[in-house]
Amino acid sequence: MRRTLLTGLLVLSAVTVSAQDGGAPSRVAATSAPTHAHVLTRSELDSLLSHPQNLLVIDVRRPDEVSTIGGLPVYLSIQLSDLEKSVAWIPKGRSIITVSNHAKRAGTAADLLASKGFKVAGAVGVQTYEEEGGKLTKVVPPPPSNAGATPATAAPTTAAPTTAAPNAAAPTTTARAGAR
C-alpha cells in the first residue's frame, strides 16, 4: 500500500508539472541540448575574419548584450528568436559564423541555418574569444538627446544682428546653446 501511494504521488506530481507548463517540454531541456555546430577557436575565427569578402557574421544576441560586452566589428544582428522567420533575407553565397556570448545560442542558430541549406563555418562565443586573447569592438550607445530637439528647433549659438532706432538703447540678445 505504501508503494502504491508513493507511485500515485509521483504520477500526480508529474501530471501537475506538465499541466502547469501546458505540457510543453522544459526550457532547460531544450536549451541544454548539444548542438552539432563546430565551436570556433580564436585562431579559427581570426583566420576566417581575415577574408571578410567570403563571410557573413550573424550575432544572435540582444542589443544590450552587444553594447555591454562588445562584439565583432561587422555583423548582421538577428536575435535567435527571430532567426527562422528571417532566413529568406540572409544571403546564401557566404560562409556564416554565428555569434553569442558563450556559443550556446550561436550553436543553436548554426544548426538551424545548416538545416536550411546555409554553409555554416561555425559558432563562436565572444566572451570565450576575448578570454583567449581576441579583441572585441566595444559599442558605445549614443548619449540621450533632448526630447523633441532638432537642429531646426535648437537655439542659435550666436546672436542675430539687431537694428536699433536712433537714440534708443540697443536690445541685448543672449543666445545659449540648448536654450529654447
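This is a predicted model: local features need pLDDT of at least 70, side-chain atom pairs count only at pLDDT 80 or more; totals for chains, interfaces and linings use all residues.
Colleague: What makes β1 count as largely enclosed by the rest of the structure?

Modeller: 5 of the 5 residues of β1, residues 55-59, are buried, so the strand is largely enclosed. Both faces are covered, with L55, V57 and D59 buried on one side and L56 and I58 on the other.

Colleague: Why do those residues fall into two sets?

Modeller: Side chains in a regular strand alternate between the two faces of the sheet.

Colleague: How do you know that β1 pairs with β3 and with β2?

Modeller: Pairing needs at least two bridges. β1 and β3 (residues 95-100) share 5 bridges in the parallel sense, and D59 has V99 as its bridge partner there. I58 stands opposite L76 in β2. Between β1 and β2 the chain passes through helix α4 (residues 63-69), in a right-handed β-α-β crossover.

Colleague: Why is R61 called buried?

Modeller: R61 has 0% relative accessibility, and buried means under 20%, so R61 qualifies. R61 is found in the loop between β1 and α4.

Colleague: What makes the approach of the R61 and D59 side chains a polar contact?

Modeller: The limit for the N or O pair is 3.5 Å, and these side chains are joined at 2.8 Å, so the distance lies within that limit. R61 also makes a side-chain polar contact with the side chain of N101, at 3.0 Å. Beyond its neighbours within four places in sequence, R61 is in contact with residues including V66, S77, V99 and V126.

Conventions: Residues are numbered from 1 along each chain as its sequence is written. Side-chain values use heavy atoms; hydrogens and water are left out. Buried means under 20% relative accessible area, exposed over 50%, partly exposed in between (1.4 Å probe, protein chains only). Helices (H or I, at least four residues) and strands (E, at least two) are DSSP runs, numbered from the N terminus. A crossover is right-handed if, with the strands pointing away from the viewer, the path from the first strand over the helix to the second runs clockwise. A polar contact is a pair of N or O atoms within 3.5 Å; within protein, one must be able to donate a hydrogen and the other to accept it, and residues adjacent in sequence count only if both atoms are side-chain atoms. Contact means heavy atoms within 4.5 Å.
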